[in-house]
Amino acid sequence: MIPTAPNTVETLQDGLRRIIASNPSPMTYWGTNTYIVGHNSVVVIDPGPADPAHMKAILGALKPGETISHILVTHSHLDHSPLAAPLANATGAPVYAFGNSNAGRSDIMTKLAKTGLMGGGEGVDHEFAPDELLADGDTIVGDGWKITALWTPGHLGNHLCFVWGNSIFTGDHIMGWASSLVSPPDGDLTDFMASTRKLAKLSPKLYYPAHGAPVLDPAARIKWLLDHRLNRESAIISALSRGEADVISLAKLIYSDTAKTLMPAAERNVLAHLVDLVQKNKVTAQGTLKKDAVFKLL
């Protein structure tokens, strides 16, 4: 259940407030979590969708004398980044991110994009243009707070997580209510698994995802996600061991208990696994690697 009404300010701990945008959906759960970190001069993480009511809620959350000094964006999906520019214009705070919506895309996904394959899921904010770029390991210091950026491509090539003390803002990479959608050519499962293993080397107390409640046991959640993806891979290999197949037939077989409305996302996840398996030389596509290709084991 949603803990508070949309666009309501909620204090999660000292120096951390959350405002949930009014954009619930099967892909966003109860809506996008916008976080406000610090006191006096604060940072906003993931301003959210282009919603004037949410903009008003963010500005209204500021205490007397408080100002926004930094705007951080985990990635440029339409439920995360469109409000960044209007908020920057209203406050004068610069927008920080890894790059635009094509930044960080792997070579194989760049080739896939040229075949006309369009992204699925939340939708990409093609107009997104940050004021300042953050590379992996860059640290921003503000009024009583310090945040370090971690480049975590996979869900999107420009995805960042943000380390704050003993917590990490994980964007859409790690959430407690669902596994992250990986939808080629914007999402890349090979990168996703590498980024997840990168996060597994850290020992935070909490994850603060961009959708849903805080993750109270990060290590257990990381293990579940890695096991989940490896189990999906095994299921695809098992299915292909019975004969060649395309994405749609594999998704129907592997996601047999999934609601019809979520099958397009399931197909994207299967395609992500197949592209990853092609890179591992375990699977090959007959002809050009594309969504409607027929795949078989090597």
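**Helices and salt bridges**

Guide: In helix H5, the buried residues are Pro 218, Arg 221, Ile 222, Leu 225, Leu 226, His 228, Arg 229, Glu 233, Ile 236, Ala 239 and Leu 240. Buried means under 20% relative accessible area, exposed over 50%, and partly exposed in between (1.4 Å probe, protein chains only). Helices (H or I, at least four residues) and strands (E, at least two) are DSSP runs, numbered from the N terminus. This is a predicted model, where local features need pLDDT of at least 70 and side-chain atom pairs count only at pLDDT 80 or more, while totals for chains, interfaces and linings use all residues. Residues are numbered from 1 along each chain as its sequence is written, and side-chain values use heavy atoms, without hydrogens and water.

Visitor: How many residues of H7 are buried?

Guide: In H7, 14 of the 17 residues are buried, so the helix is largely enclosed by the rest of the structure.

Visitor: What is a salt bridge?

Guide: Side chains of opposite charge can pair when their charged atoms come close. A salt bridge is a side-chain nitrogen of Lys or Arg within 4 Å of a carboxyl oxygen of Asp or Glu. By this rule the count is 9.

Visitor: Which residues are linked in a network of salt bridges?

Guide: Glu 233, Asp 276, Lys 280 and Lys 282 are. Lys 282 pairs with Glu 233, their closest N and O atoms 3.8 Å apart. This pair links distant parts of the chain, 49 residues apart: Lys 282 is in the loop between H7 and strand E14 (283-285), and Glu 233 is in helix H5. Lys 280 meets Asp 276 at 3.1 Å, N to O. Asp 276 is buried at 4% relative accessibility, whereas Lys 280 is partly exposed at 37%.
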